[in-house]
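Please read the points below with the sequence and the structure side by side.

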Amino acid sequence: MKGTYCLIIRCGGTETRIGSLGRIRFPPGYYVYVGSGFGSLEARIRRHLRAEKRMRWHIDHLLTDTEVVGVFYSTDERRLECAVSEKLEGDLSVKGFGCSDCRCRSHLHHFKTRGEAEKAVERAFRDLHADLKKWDEI
């Protein structure tokens, strides 16, 4: 299975070092991280949900202080990661996060509530005419 995913992350407010981005303050709320798994989508999502892992990506550092409360994904064969992320972008998107291999401003976006985050993800995929499923194994 290949595709694009969004992690819905609950954050009580934290400050942590994010690799080369340095220390970043994350206000409380919900964050949506947009990623892709074109090798194995399932393996990528399961890796994010594991507590024990080698710190490799920006998201790995954030997940040590936060909780994934939902995962949405699409098995659309198009590489939608950047298009979805662009649709989620707002004033509190974390500049440079998760996008060192593309030209996006960010792949991590802040929302006040879980409902706002989930609706924004649903709308982004709908606007791109892509299927959307919810991961049931959290």
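1. Accessible areas come from the Shrake-Rupley method with a 1.4 Å probe. By that method the accessible surface of the protein in this predicted model comes to about 7500 Å², and 44% of that surface belongs to carbon and sulfur atoms. Of the 138 residues, 49% count as buried, where buried stands for a relative accessible area under 20%.

2. The protein has 4 helices and 7 strands, and along the sequence these follow one another in the pattern β-β-β-β-α-α-β-α-β-α-β. The radius of gyration is 14 Å, close to the 14 Å that the globule rule gives for 138 residues, so the protein is as compact as a globular protein of that length. Taken along the principal axes, the box filled by the C-alpha atoms is roughly 35 × 30 × 30 Å.

3. The largest pocket has a volume of about 360 Å³ and is lined by 18 residues, of which Tyr33, Trp57, Glu81, Gly98 and Asp101 lie nearest its centre. By class, this lining holds 7 nonpolar, 7 polar and 4 charged residues. Strand 4 (29–37), helix 1 (41–49), helix 2 (58–62) and helix 3 (81–88) each supply at least two residues of the lining, and strand 4 gives the most, with 3 residues.

4. The second largest pocket holds about 170 Å³ of space, and among the residues that line this pocket are His48, Arg50, Met55, Asp60 and Val68. Helix 1 and strand 5 (67–74) are the elements that give two or more residues to the lining of this second pocket. The classes represented there are 5 nonpolar, 3 polar and 4 charged residues.

5. Is glycine 37 buried or exposed? Glycine 37, which is found in strand 4, has a relative accessibility of 1% and therefore counts as buried. Leaving out residues up to four places away in sequence, glycine 37 touches Met1, Lys2, Gly3, Tyr5 and Arg44. Glycine 37 and threonine 4 are 33 residues apart in sequence, yet their C-alpha atoms are 6.2 Å apart in space.

6. Histidine 129 deserves a careful look at its backbone. Most residues other than glycine have a negative phi. Histidine 129, although not a glycine, has a positive phi of about 55 degrees. Histidine 129 is found in the loop between helix 4 (114–127) and strand 7 (133–134), and because its relative accessible area is 71%, histidine 129 is exposed; the cut-off for that word is over 50%.

7. Glutamate 15 has its place in strand 2 (residues 14–17), and with a relative accessible area of 44% glutamate 15 is partly exposed. Which residues does glutamate 15 touch, not counting those up to four places away in sequence? They are Arg23, Ile24 and Arg25. Glutamate 15 and lysine 119 are 104 residues apart along the chain, and 26 Å separates their C-alpha atoms.

Key. Residues are numbered from 1 along each chain as its sequence is written. This is a predicted model: local features need pLDDT of at least 70, side-chain atom pairs count only at pLDDT 80 or more; totals for chains, interfaces and linings use all residues. Side-chain values use heavy atoms; hydrogens and water are left out. On a 1 Å grid over the protein atoms alone, a cavity is a set of points where a 1.4 Å probe fits but cannot get out, and a pocket is an open set with protein on both sides within 12 Å along at least five of seven lines; lining residues have an atom within 4 Å of a point. Grid points are joined across faces, edges and corners, and a volume is the space filled by probe spheres set on the points. Ala, Val, Leu, Ile, Met, Phe, Trp, Tyr, Cys and Pro count as nonpolar, Asp, Glu, Lys and Arg as charged, and the others, Gly among them, as polar. The radius of gyration is taken over C-alpha atoms; the globule rule is 2.2 Å times the number of residues to the power 0.38. Buried means under 20% relative accessible area, exposed over 50%, partly exposed in between (1.4 Å probe, protein chains only). Contact means heavy atoms within 4.5 Å.
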